[in-house]
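These are my notes from looking through one structure. I took the items in the order in which I looked them up.

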Amino acid sequence: MKKPYRILFWLLVAVLLGPLVAAWLPAGSLPGFLPVDYQSSLLTAFRQLSITLAATLVVSTLISLILGYVSVLSMRLGRFLSSVLKAVESVPSILIALFCYAPVAVYLAKQASQVSELASLAVFIFAATLTVLPESVRGLAIPLGDLYHRKYSLSFRSYGFSKAHILSVLMKTDTMLAAVRHAAAGILLKTLVLDCSFGFVIQLGFGSYGTPAHHSPGALIAANRDALFEGGNPLLFWIPSLVLATTSIAFLLVLGQKKDARS
């Protein structure tokens, strides 16, 4: 029963992520009752969200694997990294994003639209990576350290393996692969929340012509919040909101799985 359950589980996750994938379809594939300008904005917002999620996931996972490995390899360095990451974690993620944009605000304002958008995206990915690292590194270092100290250290050392070699072997176990999957879901969920929150704040603060030019479903929702008033089209507000809800549920389902290999 476990295998059919897992197939159904991942099928459900794929269905929930379907609207995010559908953002890459041609503009003409969207319902005709939606305004043309809105269709373009909707696709642009979710395409950039997809790029942001994918880029942040790759960068954050790679850095988390390295830092998690190093934290267990060297306890002194691990304690130092833990202190630094705790300090980062104590700052609200939205403030980290704003602080990262502060040094480049003038540059973004002076550049052409396309250059500004690319630079803004790069800065946001950097900020998102900072916000997710504390939890993702901790989520990998703890199970790796547990495997090393409780299960495999003495047996491997008795055969003459070095600590670095033992850890490299443990990183490939089912338990660590499950931990990586769990950390990846957390990275995606936190990045999604930060992206939409930041886009919402930027849209409210700067409007359509402000900098940074951050295309985000959150900004689209903020720009169409008046659609809920009398005479507006509520679909303009609820379509991106529902897509974000289904995407968040997909990440939460993966995050809710047990992190051990038996899940």
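**Entry 1. Helix 2 and helix 7.**
I looked up how helix 2 passes helix 7, and the crossing is right-handed. The model I am reading is a predicted one. Helix 2 covers residues 36-73 and helix 7 covers residues 163-170. Their axes come within 10 Å and cross at roughly 140°. Angles over 145 degrees would count as roughly antiparallel, so I noted helix 2 and helix 7 as oblique to each other. On the side of helix 2, I found Tyr69, Val72 and Leu73 in the contact. On the side of helix 7, I found Lys163, Ala164, Leu167 and Ser168. Sorted by class, the contact of helix 2 with helix 7 holds five nonpolar residues, one polar and one charged.

**Entry 2. Helix 2 and helix 3.**
Next I took helix 3, which spans residues 75-89. The axes of helix 2 and helix 3 come within 5 Å, and I read a crossing angle of roughly 130°. Helix 2 and helix 3 are therefore oblique to each other. Which residues make this contact between helix 2 and helix 3? From helix 2 I listed Leu67, Val70, Ser71, Val72 and Leu73. They meet Met75, Leu77, Gly78 and Leu81 of helix 3. I sorted the residues of the contact of helix 2 with helix 3 into seven nonpolar, two polar and no charged.

**Entry 3. Helix 2 and helix 10.**
I then turned to helix 10, residues 235-255. Helix 2 and helix 10 pack at an angle of about 20°, and their axes are 11 Å apart. Angles under 35 degrees count as roughly parallel, so helix 2 and helix 10 go down as roughly parallel to each other. The crossing of helix 2 with helix 10 is right-handed. Helix 2 brings Tyr38, Leu42, Phe46, Leu49 and Leu53 to the contact. Helix 10 brings Leu235, Leu236, Ile239, Pro240, Val243, Leu244 and Phe251. By class I counted 12 nonpolar residues in the contact of helix 2 with helix 10, with no polar and no charged ones.

**Entry 4. Two residues of helix 2.**
I picked out Tyr38, which sits in helix 2. Is Tyr38 buried or exposed? Its relative accessible area is 6%, so I put Tyr38 down as buried. Leaving out residues up to four places away in sequence, Tyr38 touches Leu220, Asn224, Leu235, Leu236, Ile239 and Pro240. I also checked Tyr38 against Leu220 by C-alpha atoms: they are 182 residues apart along the chain and separated by 9.0 Å.

Leu53 is in helix 2 as well. With a relative accessible area of 4%, Leu53 is buried. Beyond residues up to four places away in sequence, I found Leu53 touching Leu20, Leu188, Thr191, Leu192 and Phe251. From Leu53 to Ala128 I noted 75 residues in sequence and 9.4 Å in space, C-alpha to C-alpha.

**Entry 5. Aromatic rings.**
How many aromatic pairs are there? I counted four. Phe9 and Trp10 form an edge-to-face pair, with 5.1 Å from centre to centre and 85° between the planes. Phe9 has 9% relative accessibility and counts as buried, whereas Trp10, at 33%, is partly exposed. I next looked up Phe237 and Trp238, whose ring centres are 5.1 Å apart. The planes of Phe237 and Trp238 stand at 85°, so this pair is edge-to-face. Phe237 counts as buried at 15% relative accessibility, and Trp238 as partly exposed at 42%. I also noted one aromatic cluster formed by Tyr101, Phe124 and Phe198.

**Entry 6. The whole chain.**
Last, I looked at the chain as a whole. It has 10 helices and zero strands. Read from the N terminus on, the elements run α-α-α-α-α-α-α-α-α-α. The chain has 263 residues, and 41% of them count as buried. For contacts between residues at least 6 apart in sequence, I noted that 72% join residues at least 24 apart.

Terms used. Residues numbered from 1 in each chain as written. Predicted model: local features only at pLDDT ≥ 70, side-chain atom pairs only at ≥ 80, totals over all residues. Heavy atoms only, no water. Axes fitted to C-alpha atoms, helices over the stretch in contact; angles between N-to-C directions. Helix = DSSP H or I, 4+ residues; strand = E, 2+ residues; numbered from the N terminus. Parallel < 35°, antiparallel > 145°, perpendicular 65-115°, else oblique. Left-handed = near helix turned anticlockwise from the far one by under 90°. Contact = heavy atoms within 4.5 Å. Nonpolar A, V, L, I, M, F, W, Y, C, P; charged D, E, K, R; others polar. Phe/Tyr/Trp six-rings, centres within 6.5 Å; stacked < 30°, edge-to-face > 60°. Buried < 20%, exposed > 50% of the residue type's maximum accessible area, 1.4 Å probe, protein only.
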